Amino acid sequence: MSHFLTRLILLYFFFISNIHWKKSSTQYTKAEEVIFESKILENEYIVQYRHYYFPAARRKFLIAAFRRSNIANWNIIERQNAALHYPSDFDVIRLDAVDCRRSTHLTPLELHPLIKKITPQRSVQRILNFNTTHERIGRHLLRSVPTQITNMLKADVLWGMGITGAGVKVAVFDTGLANAHPHFRRVKERTNWTNEKSLDDGVSHGTFVAGVIASAKECLGLAPDVELHIYRVFTNSQVSYTSWFLDAFNYAIFKKIKVLNLSIGGPDFLDHPFVDKVLELSANKVVMISAIGNDGPLYGTLNNPGDQSDVIGVGGINFEQKVAKFSSRGMTTWELPWGYGRLKPDIVTFGSQVKGSNVHGGCRSLSGTSVASPVVAGAVALIASGALSKLDLINPSSMKQILIEGAERLPDNNMFEQGHGKLDILKSMQLLLTYEPKITLSPEYLDFTDSYMWPYSSQPIFYGSMSVIANVTILNGIAVTGVIKEEPVWHPHADRHGNILNVAVSYSASLWPWSGWMSVHIAVNKNGHVFKGVAEGHISLEIECLQEQQERTVLTKINFPLKVAVIPKPPRNKRILWDQFHSLKYPPGYIPRDNLKIKSDPLDWRADHLHTNFRDLYTHLRNTGYYIDILRMPYTCFNASEYGTLLIVDPEEEYFDAEIKKIENDVYNEGLSVIVFADWYNTTVMKKIKFFDENTRQWWIPDTGGANIPALNELLKAYGIAFSDFIAEGFFTMGDHSMYIASGTTLAKIPRGTDDIVIGADVHDQGFEILENPNTVDNKKVFKPILGLFQTENELRKQFLVDNAQTPSSYEENNVEQPNIETEISAERNPIINKRILLDLKIGKFSNNNYNKNNDDTLNKPSEKNSKNSKQILQPMSISSTSSSGRIAVFSDSNCLDSIHLEKACFWLLDAILEYTMNSHKSELLQKLNHVSEFYPNSVRIPPLRLHSSNLHLHSKVIDSNNKFHKKETGACENLDWLQPQSVNAAELKLTANRVKQIDLNLLKANADRNVAEILNSHVEAKLNSLPLGPDDERTIKMSLIFIMLLTSLVLIFFLKCFRRKRG
């Protein structure tokens, strides 16, 4: 009997434990992939007014405006929705086809004093792909995945205190919700904003999102007693229109919604009306929470509106407490190429295998940041309901302050992956209960010694390097608007070597709504040219704003501490200059993808920055021992003697004539080497991949290829090098290395140097495959030159000067492919250009061709030889007899360096090329593969011309926007106004108070429940009714009770038998 009881007890403990032995199994999960396709509707326009008006007044404005514009055939599209009887700030109009020429008819409409702007009506289609992913699991111990994230986030602790979300209005903008769904207690209102006659959810996405926020049964939501407002803005076919969102947003403002969840986003969701309305929502104290995107693990893939300063952008983590692979990473990219991105996401939380409500009842599991977003929305509502007396203090910035200050930093992820850390509901609840309106910074400090602050922690700075930029978001929890009263002050810490740093600051003219920005430039001055260590200081600034609650002006002083790692200047052969200036800012126009086979990703939108899609390359170069500066200005703005190699990868921009001459002088006379990794270019293929009605009402033809080959050829002409319009693709080997060219070019012209290397490969003609039917074409491989390493020689330079005199020497019409009138269709200007007017980063002050004229001892100042004005640079240069000229290396494809769709990395090849350009060392492998003599006879092809229909001039920094065949004057160089230092001693300051407080919160983690409970008990009256237990909890309790009863019965039987034996 005892053996039986022992076995039974062991069986019980095995049954109730959370440890399972798995020999071999497979886990399956639904991963949500969201694809957005945005189009403009032909002949439909959104007319925005400067104020809100009722329908009759708006009609009068339009009649007067159209009469003045001589447009007769127009009508207002009636919007039959819940906002019909409220005033509105926009109308949707439709024009007849004969009146749809916007440039001649609609522009005068904007002259009406009450009309703010006119933009095309857009439709958005959201495609939800639920991909089943599987993971093989070997023999190891597994913890069971928790079934309720509410327990993981300690929401049940607040429930036990009677805090359940009551008193807070939450809006869910999604696909709707079924009537009388069994999971929800308080659905206050369901509204339909689509053209379908239904309020129900036919997709199940809206139901799931609402369930994560407010479900009260089975798969529990975080705030089951919130007042839920359901906004159906997507149809069952997942289509929406900008006007639907605008009406729904207006209605949310009228209904005084407090929390709004928006599980949507996209890189090109940037039309004016939508962005403006998001800002207006924030100004009206609506706390918007939005998914940051599912384009991870690539960097620079943040989605809008989650990347806006006034929105809480949410990333996802898994149950292993690590940032999920799918979660998009920072930085924000629209500040590039001139500046640097901001810190985003703001916060992360569970977004992998999260349970939520299904459309007809029951539960389902999904993964994605659109899952993590409602987790935070539910948490915000729950927290707010625990301090209803402070509801008036809650605004987008104050709530963001509460969340990020309470967040728990993850140990294995940097700030562009996790933002401020993992959501901690209890700490944020504690912070709200003690919250007083304040102004804070995000990030709150900058520390080069903290690995969390990658990429700042990845490379120290030194005298002569480019300035490092940190973009700081100013969170104003006091008032919707404010101003920085006086110029910020730089306080170097004299006792911590702060005097070796120069600091410049630019900032937003005003803080609206609830936020602003500050851009900090940091460099080492000549006092630190041999210093190695850490330099510290802080920036102080005063912000003035009007506090609405007390109707008084509040002046707040805040500090931004800096801790910068500094080293002596590295040798020239360890310094690389990365060309960022000649990458185009997204979204300019139709800049096509670099890999033509990836049709699901048609645009090149990740900024081509070393810290975004070239992050892996950057990490490799740093691990190899190189120091990389990022050039955000024209070539006329750097000192070539500081660098061993200029690295040009996948450029789309043109080159100023002065830049071309400057680089020619730098290569032949200053010993600068240049490496170019190009991409495909073919005008016939560019016409082939045109598409209709994507952001315009016209056909779109690419403004350039994967790279701007005609511009590169203009840059390389002085060295006898040119690329072709052959599009190469294919696998091949170089020694023991497997290689793949995704969509590259080939060499069309090479110099006849005495010791050069040219390497070829057998590749497919991808352009031919695109133009013909790839299934019927026998596309055999051809041997083409793809890599060249060339030592520049002044003797050859004389011949190049003679040859180049016979060809066009500037950006002229005779250097452009002539149009085919019958087949070529031109595109109109992209209406998306420059739509982020509020968030644009200003670039400080400039002076022509002088990088830093008011500071004579720092920052990569051009040498005297290079400190010429544009006209001097363009004069013919004398040919020096020096033998220290630089080297040129060119490769056909940049996809092997780009983390996007990377097939075969070629970092090893770049290492070999850098050894050549930096130290004149030729790899033994590359010498063995040299076929230079075989390609001399073929080096006669005419290089490709520019496409006549290209609209590159409309968004180029180089070409005149009014004349596509004329370049602007050479771009100015950045002139930073260094702040006058006011030294202090760090020992006399208490700058670390906020950081120590955060550390104290982390130390209190083990006692968080008790600490929060102590504060909550003084603010919240306990309620008699608490939430019902979840189904898993009920099942566990029932099984436990049954087992206890069974065990008790067995024990009684055992003792009865023993008693009978004793009596017997």
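Student: Where is Leu979 placed?

Tutor: Leu979 belongs to the loop that runs between β40 (973-975) and α23 (993-1003), where helices (H or I, at least four residues) and strands (E, at least two) are DSSP runs, numbered from the N terminus. This is a predicted model, in which local features need pLDDT of at least 70, side-chain atom pairs count only at pLDDT 80 or more, and totals for chains, interfaces and linings use all residues. Residues are numbered from 1 along each chain as its sequence is written, and side-chain values use heavy atoms, with hydrogens and water left out.

Student: Does Leu979 count as buried or exposed?

Tutor: Leu979 counts as buried because its relative accessibility is 6%; buried means under 20% relative accessible area, exposed over 50%, and partly exposed in between, with a 1.4 Å probe and protein chains only.

Student: And how far is Leu979 from His491 in space?

Tutor: Their C-alpha atoms are 9.3 Å apart, although 488 residues separate Leu979 and His491 in sequence.

Student: Switching to cavities: how many does a search of the whole structure find?

Tutor: The search returns 15 cavities of 30 Å³ or more. A cavity is a set of points on a 1 Å grid over the protein atoms alone where a 1.4 Å probe fits but cannot get out, and lining residues have an atom within 4 Å of a point. Grid points are joined across faces, edges and corners, and a volume is the space filled by probe spheres set on the points.

Student: What volume does the largest cavity have, and which residues lie nearest its centre?

Tutor: The largest cavity has a volume of about 340 Å³, and its lining comprises 22 residues, with Ser467, Val468, His611, Ile628 and Ile630 lying nearest the centre.

Student: What is the lining of the largest cavity like by class?

Tutor: The lining has 13 nonpolar, seven polar and two charged residues, where Ala, Val, Leu, Ile, Met, Phe, Trp, Tyr, Cys and Pro count as nonpolar, Asp, Glu, Lys and Arg as charged, and the others, Gly among them, as polar.

Student: How many bridges link each pair?

Tutor: There are four between β17 and β19, eight between β19 and β23, and seven between β22 and β23. Leu441 stands opposite Ile474 in β19, while Ser519 in β23 is the bridge partner of Asn471 and also of Ser506.

Student: How many residues of β23 are buried?

Tutor: Strand β23 (residues 515-524) has 10 of its 10 residues buried. Ser515, Trp517, Ser519, His521 and Ala523 point one way, whereas Gly516, Met518, Val520, Ile522 and Val524 point the other way.

Student: What about helix α10, is it enclosed or open?

Tutor: Helix α10 (residues 396-406) is largely enclosed by the rest of the structure, because 10 of its 11 residues are buried, among them Met399, Ile402 and Leu403. At its start, a side-chain oxygen of Asn395 comes to within 3.0 Å of the backbone nitrogen of Ser397.

Student: Last one: which strands are at the edges of the seven-stranded sheet?

Tutor: That open sheet runs β8-β9-β7-β11-β12-β13-β14 with parallel pairing, and its edge strands are β8 (187-192) and β14 (347-350), each pairing on one side only. Within it, six bridges join β7 (residues 169-174) to β9 (residues 227-232), and Val170 stands opposite Leu228 in β9. Thr191 is found in β8 and is buried, with a relative accessible area of 6%; its C-alpha atom is separated by 6.6 Å from that of Ala82, 109 residues apart along the chain.

Methods:
On a 1 Å grid over the protein atoms alone, a cavity is a set of points where a 1.4 Å probe fits but cannot get out, and a pocket is an open set with protein on both sides within 12 Å along at least five of seven lines; lining residues have an atom within 4 Å of a point. Two strands pair if DSSP finds at least two bridges between them. A polar contact is a pair of N or O atoms within 3.5 Å; within protein, one must be able to donate a hydrogen and the other to accept it, and residues adjacent in sequence count only if both atoms are side-chain atoms.
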